[in-house]
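Subject: Structure handover and notes

Hello,

Please find the structure below, with the sequence. My notes on it follow.

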Amino acid sequence: MPTITAINKTNTGNFFEDFSLGQSLRHATPRTISEGDVALYTALTGSRFALQSSDDFARALGFERAPIDDLLVFHMVFGKSVPDVSFNAVANLGYANGRFGVPVFPGDTLTTVSQVIGIKENSSGKTGVVYVNSVGRNQRGESVLDFVRWVMVNKRDEDAAAPEPSVPDLPGLVDPGDLIVPGVLQFTEYDDALAGSAARWEDYAPGERIDHAGGVTIEEAEHMMATRLYQNTAKVHFNQHAAGETRFGRRIVYGGHIISLARALSFNGLGNGCKLLAINGGRHVAPSFAGDTIYAWSEVLECQELAGRKDAGALRLRTLAVKDKACAGFPDRDSEGKFDPAVVLEFDYWVLIPRR
Amino acid sequence: MPTITAINKTNTGNFFEDFSLGQSLRHATPRTISEGDVALYTALTGSRFALQSSDDFARALGFERAPIDDLLVFHMVFGKSVPDVSFNAVANLGYANGRFGVPVFPGDTLTTVSQVIGIKENSSGKTGVVYVNSVGRNQRGESVLDFVRWVMVNKRDEDAAAPEPSVPDLPGLVDPGDLIVPGVLQFTEYDDALAGSAARWEDYAPGERIDHAGGVTIEEAEHMMATRLYQNTAKVHFNQHAAGETRFGRRIVYGGHIISLARALSFNGLGNGCKLLAINGGRHVAPSFAGDTIYAWSEVLECQELAGRKDAGALRLRTLAVKDKACAGFPDRDSEGKFDPAVVLEFDYWVLIPRR
Amino acid sequence: MPTITAINKTNTGNFFEDFSLGQSLRHATPRTISEGDVALYTALTGSRFALQSSDDFARALGFERAPIDDLLVFHMVFGKSVPDVSFNAVANLGYANGRFGVPVFPGDTLTTVSQVIGIKENSSGKTGVVYVNSVGRNQRGESVLDFVRWVMVNKRDEDAAAPEPSVPDLPGLVDPGDLIVPGVLQFTEYDDALAGSAARWEDYAPGERIDHAGGVTIEEAEHMMATRLYQNTAKVHFNQHAAGETRFGRRIVYGGHIISLARALSFNGLGNGCKLLAINGGRHVAPSFAGDTIYAWSEVLECQELAGRKDAGALRLRTLAVKDKACAGFPDRDSEGKFDPAVVLEFDYWVLIPRR
């Protein structure tokens, strides 16, 4: 029996020295988003925003039917980049400059292309940071999401030469003038009772803090199903046999699942914040594991008018996900900027919300 | 940094003193039911009734396609009422007078409105019982389900004055003459082999008992996914961090999930009982938890003809769900009316079944 | 209260003496496959083959839309046969001569009919082996899958007379000339980058071994949801209360779930092996349980041209699923033919793969 071994067909992912500035990565596995994905997203996160839940509600606002939840779009676009970008990532360090484009509906097919926009070896010589700008597009080539993330990636060979360091200049937030609001979406007929909240744009003020009150415990089956639904292949989420040998000894929950749980919890207090417009920044402060109970609270950072719109405005929110600690006390950074140890996520984003 | 706290935007649910007789509650989050919901319902319950499983089978009986399982409709309609009715419920005490209306198909959008039809403070002064009549409607305003449930709700303030007690006069069962059978549904071409049972209406007799034989163990991920699919937000199902402090120390399984498991198990013995027509009554005798194995058995209470129908009749069934105990011995109430401690559910309902 | 007990309505499944050579079994519960089933299959297995993931990718190859994954078809067809064939099975011994027919698309309705093609009592007198040929058909009566499996089934009565033994002569593999390749499927426009692999038919050679590298840990909720999705009712997968009394003390994972996990893992190394054409043979070497981490590797057995096709060829693969052991060392049979104790599945099949 011949014993030819085809190591080269098995994707071992890109290591730090495989990346170069300006490099373009066309990611695999285009995905047609379906009503099945929507149902699973609801079952896995508990999201209750009316616009994404009801075709009739969406039609009353001008859409042809209920759009796909923006975070489901985010996870699908993100997931495709994992085999090429973060298969060997040590950590997902941050997000910036994320802008949602045209809405996605069931039947649309998404693909993702990423470009390396920054690269810098760490002083340890064992890892480096790679900045990528990933753009998800639908079958017509229209952008559905454009965002930057940066990850710490292992080097294959510690002796490999360091590339010329280049760190992109990233905006701290998406300018309100750059937010994309679908023109067909009109809130004249918006029904607060069906939406589940009486609070509109005018009712929020910068500095306001909202405890989203609920808590949800994560199970292994749930976070793995979510992560597979997004065809995200990062090893750390799925393999207990290997994870048992790591410092955590556990599978790590995909950070995006925490973002989705926090967003779903935020319905209680922000039920009319019906659509994400942009991701200004985000940071996974600490890993989460099965058995953790996630709570969330939000701070209103800004209340902005939207050009040409009298019917809706934008809220800039900073949502914190917290584990095993209720948020009545708004666990946050301390005076030295150090996070309360229960905080697992800080997420800064713009949402669309009807005006009176 | 301002520290405005917007407690009033966070829904803390209605407490007993927030309810009043005749009050109407228009619930949030309309929901378009999809094929994705159907697939999840199958995966979470194991239901095998042919009418709801196959478009072709349904077409042979006159429907345009497979209808949504009646209990999935029940859960969706029920789920919407939770944030307003039972967010602060101590217990879901019972169901009565539930009548399924027009069939629901994928693409239909459901909303729920409830009316308070009874209210009575408990002698403890700490809680009270609220009776609500919830009506689920499709996008054309047609009733898909109309039922009564009553729940024990905490008072916010024990010193609040008790309302004038009013307890509705609820029927012990839905009159067979009031059952709604879709006119297009005709059983002339009904295929017993595809349906999985040779037993038709004539083969059942009052007093007959049927052991459904199988047993299914509940996992945390499953009951939480089911409950979130229904956008049911009751806190007791999701939060282990908080549940650890309760007398059970565990998350409680949504009682409706037990009804669905019992119904799915009942296929074995009642495979032609293809559609629920009404819910006469129901009682969650004891809570269920992850790890429990649910068995079920049924007693035939009545066999009724249906006005104007030679092709189908109705069976009134009393199905008991039992945990960690096989049902060959039909665990039931004892001579004093006290339930076998293994019983978790008693459910009294009408099903539609073909005649010869 | 009358206490009529209707044992005869409860399906206790067929025992060995209920089977006879030539017997035809028309199985229950026709199933319309939906986008919801597809989403769940993705979430439960992590499959990433582009042809089944994207309508656009499928259209570029000539299909009207993305077809249903062949293994999802297999599970659906198989599942229907369980209540009649393997409800009382001790073990699922093997598969042979499985040939996929016309592709299945969302909206198609599948039914299964099986014929007993062999029967042989075991020397113990307590069990016997039943060989069935199961054929799954769509709503037009076209075969979507035709395969043989054999199972060891308990006798109801050990004293029942043994039938005349008859063991079918089963082929060791499906002849490449008998493989059914949809004529509309053309690989001229095949996009390797979107598919996620640069390796085509010409790049594989008999004897080559491929480590699929990843590993995935199974949870109880996942394998039960998968098995219920397929409406497979075999008791051993669902009931911990009863399983606690067995020699394993655990629920056993449906063997087909292991096949699906191995196939999904095989994407890494065989990403262009876009469609199963046939199942030559398969064997569940050992049971799997929740908590097991499944790895996989494959050996290329044959590389065959396909009659009339210049754009695609067939690879005969032998994929092994292995538990709690990475596959860099290709755990296999030893020189005496005995499997490495970590191996749980050996699966021999033909896949379709584009040529250059």
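Predicted model: local features only at pLDDT ≥ 70, side-chain atom pairs only at ≥ 80, totals over all residues.

Residues are numbered from 1 along each chain as its sequence is written, and chains are lettered from A and ligands numbered from 1 in the order in which they are written. Helices (H or I, at least four residues) and strands (E, at least two) are DSSP runs, numbered from the N terminus.

E4(A) covers residues 109-121 and is joined to E5(A) by ten bridges, the two running antiparallel. Strands are taken to pair if DSSP finds at least two bridges between them. Five residues lie between the strands in the hairpin of E4(A) and E5(A), and there A:Gly125 has a positive phi near 75°.

On to the next pairing: E5(A) is joined by eleven bridges to strand E6 of chain A (residues 143-154), again in the antiparallel sense. A:Val130 has A:Val151 in E6(A) as its bridge partner. E5(A) and E6(A) also form a hairpin with five residues between them, and A:Gly141 in the turn takes a positive phi of about 80°.

E5(A) spans residues 127-137, and nine of its eleven residues are buried, so the strand is largely enclosed by the rest of the structure. Buried means that 20 or more other C-beta atoms lie within 10 Å of the residue's own, exposed that 12 or fewer do, and partly exposed is in between; the C-beta atoms are placed from the backbone.

E12(A), residues 343-354, is mostly covered, with eleven of its twelve residues buried. Strand E9 of chain A (residues 275-284) pairs with E12(A) in the antiparallel sense over eight bridges; A:Gly281 stands opposite A:Asp348 in E12(A). Strand E11 of chain A (residues 309-323) is also antiparallel to E12(A), with eleven bridges joining them, and A:Arg316 is found opposite A:Trp350 in E12(A).

Chain A as a whole

Chain A has nine helices and twelve strands. Its radius of gyration is 20 Å, close to the 21 Å that the globule rule gives for 356 residues, so chain A is as compact as a globular protein of that length. That radius is taken over C-alpha atoms, and the rule is 2.2 Å times the number of residues to the power 0.38. The C-alpha trace of chain A spans about 70 × 50 × 40 Å along its principal axes. Of the 356 residues in chain A, 59% are buried. Among contacts in chain A between residues at least 6 apart in sequence, 79% join residues at least 24 apart. Two residues are in contact if their C-beta atoms, placed from the backbone, lie within 7 Å.

Chains A, B and C together

Contacts between chains A and B involve 42 residues of chain A and 39 residues of chain B. H1(A) gives the most, with eight residues. The side of chain A that touches chain B divides into 17 nonpolar, 15 polar and ten charged residues.

How are the copies related? Chain A can be laid on chain B with an RMSD of 0.0 Å by a turn of 120° and a shift of 0.0 Å along the axis. That is the relation of a three-fold axis. In chain A, the C-alpha nearest the axis belongs to A:Gly36, 2.2 Å from it. The copies use different surfaces, as 17% of the contact residues of chain A recur in chain B. The superpositions are by least squares on the C-alpha atoms of residues with pLDDT of at least 70 in both copies.

Helix H6 of chain B

H6(B), residues 220-229, is mostly covered: ten of its ten residues are buried. These buried residues pack against H1 and H6 of chain A, helix H1 (35-45) and helix H8 (255-265) of chain B, and helix H6 (220-229) of chain C. Just after H6(B), B:Gln231 has a positive phi of about 55°.

Regards

Definitions and conventions
Nonpolar A, V, L, I, M, F, W, Y, C, P; charged D, E, K, R; others polar.
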